[in-house]
Amino acid sequence: MTIFVVAYPLVGHSDDQAIKKFRRHHDQAKADLIEPHFTLVFAITTFSYEDVLAHTRHLAVEFQPFEVLLNRLVPFADQFTGEHKLFLCASKGERQLINLHNRFYEGRFITAMQIEEDFEPHMTIATARTVEQLAEPQAASAAFKLPIYSSIDALSVIQIEDRGIVRMTEVAL
């Protein structure tokens, strides 16, 4: 059992469709698994779903819904998986996403943190095995009409197993 905490951005219909279509073409495995999102808490296996959900509910009351401006495409070499990815990143709303991420890993949940590097909020929109394979999605990403205006008004605690998402609970901000 693996648990994540994600935030699904609320975007306009045409932007939502453009992002989903791009992901289906350039990151199909993940696009088939989960909607476009910001991952705030990565692959927790040491706490129960109920513990993560209770902690998320506790933190959610400290935050209000906020706007997110998606305006940067950033290539990323993932040292953890060896893959090359294209991130859609935020400027406005970035600080709130970082604060949510950092607050989650305080207290007893600090032991769940797997990555020591700084957190950069992003949505993965393309994945490739090599940097050369990432060139095509980078070129195709020019079709995005940036910036994309969105907002975050909830967090979702999800449980993923081999067959996909088996449980999800949304927690309002």
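**Close-up 1. The second largest pocket of this predicted model has a volume of about 190 Å³.** A pocket here is an open set of points, on a 1 Å grid over the protein atoms alone, with protein on both sides within 12 Å along at least five of seven lines, and its lining residues have an atom within 4 Å of a point. Grid points are joined across faces, edges and corners, and the volume is the space filled by probe spheres set on the points. Helix α1 (residues 13-26) gives the largest share of the lining, 6 residues, where helices (H or I, at least four residues) and strands (E, at least two) are DSSP runs numbered from the N terminus. Among the lining residues are S14, D15, K21, F22, A140, F144 and I148. By class the lining divides into 6 nonpolar, 2 polar and 3 charged residues, with Ala, Val, Leu, Ile, Met, Phe, Trp, Tyr, Cys and Pro counted as nonpolar, Asp, Glu, Lys and Arg as charged, and the others, Gly among them, as polar.

**Close-up 2. The largest pocket holds about 1100 Å³ of space.** Its lining has 37 residues, and of these T39, F42, D78, K85 and H122 lie nearest the centre of the pocket. The elements that each supply at least two lining residues include α2 (28-33), β4 (66-77) and β5 (84-90). The lining consists of 20 nonpolar, 9 polar and 8 charged residues.

Close-up 3. A cavity is a set of grid points where a 1.4 Å probe fits but cannot get out, and the search of the whole structure finds 1 cavity of 30 Å³ or more. Its lining is made up of V5, L40, V41, T56, L59, L100, F104 and L155, of which 7 are nonpolar, 1 is polar and none is charged.

**Close-up 4. The largest nonpolar core contains 42 residues.** Such a core is a set of buried Ala, Val, Leu, Ile, Met, Phe, Trp, Tyr and Cys residues joined through side-chain atoms within 4.5 Å, where buried means under 20% relative accessible area with a 1.4 Å probe, protein chains only. F38, L40, I44, V52, L70 and F104 touch the most other members.

**Notes on the model.** Residues are numbered from 1 along each chain as its sequence is written, and side-chain values use heavy atoms, with hydrogens and water left out. In this predicted model, local features need pLDDT of at least 70 and side-chain atom pairs count only at pLDDT 80 or more, while totals for chains, interfaces and linings use all residues.

Definitions and conventions. Buried < 20%, exposed > 50% of the residue type's maximum accessible area, 1.4 Å probe, protein only.
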